[in-house]
Amino acid sequence: MAVAPQLRALLHAVNALLRKRRYHAALAMLKGFRNGAVYGAKIRAPHALVMTFLFRSGRSTCTCSRASCLPC
C-alpha cells in the first residue's frame, strides 16, 4: 500500500513536532485529559447507568442511627 508523498511529509513533520522536549508537559496534560475521558466513557458512565437501574426505587435499607449517615 503506497502512501502519498504529501501524507508522508505531514507524518514526518508531526512526529518531529511531537518529539520536541518543549512540548512534553503540554502533551502529557493532553494525554491525561484523553485518558480520563476514555475511562469515564468506558467505566464510569456504564457503572452509573447500571446503578441507576438497580437502585431506582429509592428504597433504603439503612438501619443505622448515626448523625453522620445520609438520611435514610
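The legends below describe close-up views of a predicted model of a protein.

View 1. The protein contains two helices and zero strands, and of its 72 residues, 0% count as buried. Its accessible surface comes to about 7100 Å², and carbon and sulfur atoms account for 65% of that surface.

View 2. Helix H2 runs over residues 24-54, which gives it 31 residues, and the distance from its first C-alpha to its last is 44 Å, close to the 45 Å expected at 1.5 Å a residue. Within H2 there is a kink of about 40°, and this kink is centred on Gly40.

**View 3. A nonpolar patch on the surface.** The patch is formed by Val3, Leu7, Leu10, Leu11, Val14, Leu17, Leu18, Tyr23, Leu27 and Leu30, which together have about 840 Å² of accessible area. Helix H1 (5-19) and helix H2 (24-54) each supply at least two of the patch residues, while H1 gives the most, with six residues.

**View 4. Leu18, one of the residues of the patch.** Leu18 lies in helix H1 and is among the residues that form the nonpolar patch. Because its relative accessible area is 45%, Leu18 is described as partly exposed, a term that covers values between the 20% limit for buried and the 50% limit for exposed.

How values were computed:
Residues are numbered from 1 along each chain as its sequence is written. This is a predicted model: local features need pLDDT of at least 70, side-chain atom pairs count only at pLDDT 80 or more; totals for chains, interfaces and linings use all residues. Side-chain values use heavy atoms; hydrogens and water are left out. Patches are made of residues with over 30% relative accessible area and no salt bridge: like charges are joined within 9 Å, nonpolar side chains (Val, Leu, Ile, Met, Phe, Trp, Tyr) within 5 Å. Accessible areas come from the Shrake-Rupley method with a 1.4 Å probe; for residues, only the protein chains shown count as cover. A salt bridge is a side-chain nitrogen of Lys or Arg within 4 Å of a carboxyl oxygen of Asp or Glu. Helices (H or I, at least four residues) and strands (E, at least two) are DSSP runs, numbered from the N terminus. Buried means under 20% relative accessible area, exposed over 50%, partly exposed in between (1.4 Å probe, protein chains only). The expected span of a helix is 1.5 Å times one less than its number of residues. The bend at a residue is the angle between axes fitted to the seven residues ending there and the seven starting there.
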